[in-house]
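Subject: The structure we talked about

Hi,

Here is the structure I promised to pass on.

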Amino acid sequence: MTKLIIAADKANHFIAGTVIYCLSLFILSPLVALIPVIVIGAAKEVYDEKKRKGRGDIWDFLYTVAGAIPVLITHL
């Protein structure tokens, strides 16, 4: 059996995406609530790229957005 191991950083991005999405659901519809997740996730990676000397990571962004997907599916 193969173990799937996700780095702690990626898991944190996934959890952050889930939390941002759940909080957004209080004021936005399920599909529109994805917008803050995308914007905040992208802004974080742009910040990392500019302020942390090129450490922005597309995979961090994708894991952040992926965190919203399970909750989105349950709300459709």
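Below is what turned up, starting with helix H1 and moving on to the salt bridges.

A bit of housekeeping: this is a predicted model, with local features needing pLDDT of at least 70 and side-chain atom pairs counting only at pLDDT 80 or more, while totals for chains, interfaces and linings use all residues. Residues are numbered from 1 along each chain as its sequence is written, and side-chain values use heavy atoms, leaving out hydrogens and water.

Helix H1

Which residues of H1 are buried? They are Lys-10, His-13, Gly-17, Ile-20, Tyr-21 and Ser-24 (buried is under 20% relative accessible area, exposed over 50%, partly exposed in between, with a 1.4 Å probe and protein chains only). These residues sit on the same side of H1, because they cover an arc of only 95° around the axis, taken from the directions from the helix axis to the C-beta atoms. They pack against helix H2 (34–51), helix H3 (58–66) and helix H4 (69–75), where contact means heavy atoms within 4.5 Å.

The face turned away from that buried side carries the exposed Ala-8 and Leu-23. Ala-8 has a relative accessible area of 56%. Val-19, also found in H1, counts as partly exposed at 43%.

Salt bridges

How many salt bridges does a search of the whole structure find? Four, each being a side-chain nitrogen of Lys or Arg within 4 Å of a carboxyl oxygen of Asp or Glu.

Lys-10 is worth a click. It bridges to Asp-9, with the closest N and O atoms 3.8 Å apart, and to Asp-60, at 2.6 Å. The Lys-10 and Asp-60 pair links H1 with H3, so it ties together parts that are 50 residues apart in sequence. Lys-10 is buried at 16%, as is Asp-60 at 6%, whereas Asp-9 is partly exposed at 37%.

Then there is Lys-44 with Asp-48, at 2.5 Å between the closest N and O atoms. Both lie in H2, four residues apart, about one turn of the helix. Lys-44 is partly exposed at 35%, but Asp-48 is buried at 3%.

Cheers

Methods: Helix = DSSP H or I, 4+ residues; strand = E, 2+ residues; numbered from the N terminus. Expected span 1.5 Å × (residues − 1).
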